[in-house]
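Trainee: I would like to go through the labels on this model. Please set each one against its rule.

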Amino acid sequence: MNRISVSSTNISSIGHCADSSVLEVEFLKGGIYNYYGISEQLYHDLLNAGSKGQFLNQYIKNAGYTYTKVG
């Protein structure tokens, strides 16, 4: 999956596969995680968020989307 580098104090890059609705997030301190069931709109909202880490926590992690560590 191609990821886009982002400006964040917590996240290094973000990618999304619309076909499988998988969001891939690479963190600055290490670790790559896949989040499942993420819509294209939610992915774009994350990319446009002022604080990507805060958005990820509030609208994806705390919303109960399943995830796995892949790297």
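Mentor: Start with the polar contact: a pair of N or O atoms within 3.5 Å; within protein, one must be able to donate a hydrogen and the other to accept it, and residues adjacent in sequence count only if both atoms are side-chain atoms. This is a predicted model, where local features need pLDDT of at least 70, side-chain atom pairs count only at pLDDT 80 or more, and totals for chains, interfaces and linings use all residues. Residues are numbered from 1 along each chain as its sequence is written, and side-chain values use heavy atoms, with hydrogens and water left out.

Trainee: What lies 2.7 Å from a polar atom of the H16 side chain?

Mentor: The backbone oxygen of I38. That distance is within the 3.5 Å limit. The side chains of H16 and E40 also make a polar contact, at 3.3 Å.

Trainee: Why is H16 called buried?

Mentor: Its relative accessibility is 14%. Buried means under 20% relative accessible area, exposed over 50%, partly exposed in between (1.4 Å probe, protein chains only). So H16 counts as buried.

Trainee: What makes F27 and Y33 an edge-to-face pair?

Mentor: Rings of Phe, Tyr and Trp (its six-membered ring) pair if their centres lie within 6.5 Å; planes under 30 degrees apart count as stacked, over 60 as edge-to-face and the rest as tilted. By this rule there are four aromatic pairs. One of them joins F27 and Y33, at 5.6 Å centre to centre with 80 degrees between the planes, hence edge-to-face. F27 is buried at 11%, while Y33 is partly exposed at 22%.

Trainee: Why is the pair of F55 and Y59 called tilted?

Mentor: The centres are 4.7 Å apart and the planes make 40 degrees. F55 and Y59 sit four residues apart in helix α2 (residues 52-61), about one helical turn. Helices (H or I, at least four residues) and strands (E, at least two) are DSSP runs, numbered from the N terminus. F55 is buried at 13%; Y59 is partly exposed at 41%.

Trainee: How do you know that β1 and β2 pair?

Mentor: Two strands pair if DSSP finds at least two bridges between them. β1 and β2 (residues 11-17) have two bridges, in the antiparallel sense. I4 stands opposite I14 in β2.

Trainee: What makes β1 an edge strand?

Mentor: The open sheet runs β1-β2-β3-β4-β5, with antiparallel pairing. β1 (4-5) and β5 (67-69) each pair on one side only. Those are the edge strands.
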